[in-house]
Structure formats: structure tokens, C-alpha cells
Amino acid sequence: MISEFKHIIDTYRKVDFTQRKAALATVIGLKGSGYRRPGARMLITDDGHWTGAISGGCLEGDALRKAREVMQSGQARLVTYDTTQPDGENFGIGLGCHGVLDVMIEPLNPADSDNSLEVLDQILQDRREVELSKPLPNGEFFTEQLKPDIQLLVFGAGYDAIPLVAQAKMIGWHVVVADDCVAHLNPKRFAQADQLLAIQRDNVRQSVTIDQYSAAVLISHNYKFDRSVLRELLQTDIRYIGILGPKKRGDALLDELADVVQPSDYDRIFAPVGLDIGAENPPEIALSIVSEVQAVFRQTSARPLKFKNAPIHQPVEQPTPIES
């Protein structure tokens with residue numbers, strides 16, 4: 001949900017609080033199934049606009065009405081939405097989520113540096129994993145684990161890196177494009193990238209910040225460039241290294257780097273890069289790469305959900321007494 005959080009914070013920064021009031025709705029508990037999980041947020045302003053979501057669209061209207069009450073009173077409140085009734089009697093529509101959703105709605109004061117969005121923004125900027133605990137109006141606490149978004153390091157600024165950057169940014173990742181040819185790093189081609197980095201291929205470790213949420217994709221089509229960059233990456237703790245091209249090319253690279261390759265490295269090297277989805281053109285290849293990186297970091301099988309003999313998500317049980 002990091003991408004959504006960033007969008008919410010960007011919208012919050014643009015609110016004119018001399019004219020408007022705002023509130024934040026946060027899913028703090030779920031029993032059964034639901035479209036959104038605990039931690040999902042929605043920014044609401046008193047002119048009827050909202051950013052983010054707490055459901056698939058069925059609860060936002062009611063949340064807006066309750067948020068206006070919160071903005072007027074200045075007091076946070078807790079609300080329960082029971083979507084277990086298939087006819088959706090409570091809201092006049094068929095819901096079908098079959099879950100009980102607990103939501104906290106709180107007013108936002110931009111002058112308060114400790115308000116929920118200010119705290120969230122600082123955490124995202126710091127790129128650190130934290131346990132965030134928020135007091136609730138009933139005296140209990142909502143606790144959630146927040147982790148940074150994936151940082152995708154794209155080594156090679158060729159034409160097929162363009163859709164890869166676009167795909168990664170679409171889901172909210174932090175994207176760095178690196179190349180040793182400055183001419184390739186045209187800002188117009190990679191306007192969505194967070195950083196364009198001109199590097200020396202033998203100086204990656206000193207030039208690029210790598211953390212436990214970083215993934216690298218070697219997509220330069222330059223064998224010597226890829227070999228030098230791969231040598232550098234293998235001497236870091238980066239979790240994922242994808243190499244574009246046929247398996248024979250990847251094997252040759254690893255053979256030439258036998259002096260730094262460890263047996264455990266084969267668990268983090270993906271060559272050829274990407275999932276087998278029949279990708280042929282650059283946008284399709286980008287989709288297969290992004291999907292594989294996502295699966296690795298979320299530790300999933302990447303198999304079709306129809307073959308999963310378990311709930312799509314792990315069950316959530318957070319019993320919280322809620323007022324309606």
C-alpha cells in the first residue's frame with residue numbers, strides 16, 4: 001500500500017486548510033474477508049473528495065458522511081461495517097465481501113506534526129521498517145508493521161528499460177536507472193524514474209545505495225557492462241539480481257565470475273529474468289520482470305490463484321470493541 005500512501009500524502013499536501021477540513025479513515029481490523037486489509041487508508045476532505053479507499057467502493061460514501069461529523073466535532077471515532085449480509089441491507093447495495101471491517105476516522109490538523117499523515121510521511125522518507133502503534137478512542141491500540149517500498153535498480157538505459165521503469169512506478173516502487181553512458185540517461189525518456197545515475201561500471205557499490213528492499217535488473221545488452229556490474233552486486237547483500245537474456249548468456253557471466261560467486265548466490269540470481277508468461281515485446285517483458293520481483297519479495301509461488309487451496313490472504317483477527 002506504499003504507493004497509495006504516497007498518493008494520499010501528496011493530496012494532503014495540496015489541501016488548502018484555510019478553506020478546507022480533512023479527516024483520515026484507516027482500516028484497523030478485519031474479521032472474515034474484505035477488499036481492503038488493515039492499514040488501508042482514505043483521506044477525506046469536507047468538500048466531498050477522497051483519495052485512497054477502505055473498500056471496493058461500497059463503504060466510501062458512508063465513511064464520507066461520518067468523516068464530516070468527525071471534522072465538525074474534532075473527535076476521532078470508531079466504526080464497524082458488517083458486510084456479511086449478501087443483500088447489503090445496511091447500505092442499500094449488495095456487498096458480498098463477507099467480512100466485518102473496523103475503521104477509525106480521525107480529524108487531521110496540519111499544524112500538528114504528530115498527526116497520522118505527518119508521521120507516515122516521515123517514515124516513508126526514511127525508508128525504514130517500523131512498528132507503528134496508534135492509540136484508538138476506546139483506549140486500545142492499532143499496531144501495524146510498515147516496510148519501505150521496493151527499490152528497483154535498473155542497470156542499462158536502453159529502449160526496453162523504459163516500460164520496465166513505467167511498470168515499476170505504476171505500483172509505487174522507487175526506481176533508479178543507472179548507466180555508464182550519460183547520453184542514454186535522457187530525462188525525457190525516464191521522466192518517471194526517481195533517479196538517473198551516471199556510474200562507472202566498476203564502482204557500483206560506491207555509487208548506489210543498496211538496502212534489504214533493493215532489487216537489481218541488468219538490462220544493458222552490453223556483456224562487459226553486465227559482467228562488471230554483476231561482479232559488484234555479488235559483493236553486496238542485495239536480495240534479487242535479474243539478468244536479461246538467454247540462460248546461456250547468464251551461465252557464461254557466472255562462469256567468468258567464479259571467483260566471487262558463492263553457492264548461496266544462485267538463490268538470488270534470476271537468469272533469464274522474469275516469469276514465464278509468454279512475453280515477447282518490451283512491455284510484456286517488463287510485466288514478467290516486475291511480477292517476478294514482486295513474487296520474490298512477497299515470498300509467493302507466482303502460480304495462478306485457482307491452484308491455491310487456502311485463502312488469498314492470511315486471515316486477520318483483531319478483536320476491537322467498536323461503536324457504530
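1. The backbone nitrogen of C58 sits 3.2 Å from a polar atom of the S55 side chain. In this predicted model, a polar atom of that side chain also lies 3.1 Å from the backbone nitrogen of L59. Both pairs fall within the 3.5 Å cut-off for a polar contact.

2. Where does S55 sit? S55 belongs to the loop between β3 (50–52) and α2 (60–73). Its relative accessible area is 5%. The cut-off for buried is under 20%, so S55 counts as buried.

3. Which residues does S55 touch, once neighbours within four places in sequence are set aside? The contacts are Y35, R36 and E60. E60 falls in α2, given the helix limits of 60–73.

4. Q72 is a residue of helix α2. Is Q72 buried or exposed? Its relative accessible area is 61%. Exposed means over 50%, so Q72 is classed as exposed. One distance is worth checking on the model. Q72 and L185 are 113 residues apart along the chain, and their C-alpha atoms are separated by 50 Å.

5. The sheet is open and has five strands. Their order is β3-β2-β1-β5-β4, with antiparallel pairing. β3 and β4 (77–82) are the edge strands. Each has a single partner strand, so one side of each lacks a neighbour in the sheet. Direction ignored, neighbouring strands are turned by 20° against each other on average.

6. Within that order, β1 is next to β5. How many bridges join strand β1 to strand β5? There are nine, between residues 22–32 of β1 and residues 99–107 of β5. The two strands run antiparallel. As for individual positions, K31 stands opposite V100 in β5.

7. Helix α2 lies across the sheet strands β1, β2 (41–45), β3, β4 and β5. Against β2, α2 runs at about 60°. The loop that holds S55 leads from β3 to this helix, and Q72 lies in the helix itself.

8. On confidence, the protein chain averages a pLDDT of 89. At least 70 is reached by 91% of the residues. Residues 317–324 need a caveat, with pLDDT below 50. Beyond near neighbours in sequence, that stretch has 30 contacts in the model.

How values were computed: Residues numbered from 1 in each chain as written. Predicted model: local features only at pLDDT ≥ 70, side-chain atom pairs only at ≥ 80, totals over all residues. Heavy atoms only, no water. Helix = DSSP H or I, 4+ residues; strand = E, 2+ residues; numbered from the N terminus. Buried < 20%, exposed > 50% of the residue type's maximum accessible area, 1.4 Å probe, protein only. Polar contact = N/O pair within 3.5 Å; in protein donor to acceptor, adjacent residues only side chain to side chain. Contact = heavy atoms within 4.5 Å. Pairing = 2+ DSSP bridges. Axes fitted to C-alpha atoms, helices over the stretch in contact; angles between N-to-C directions. pLDDT = per-residue confidence, 0-100.
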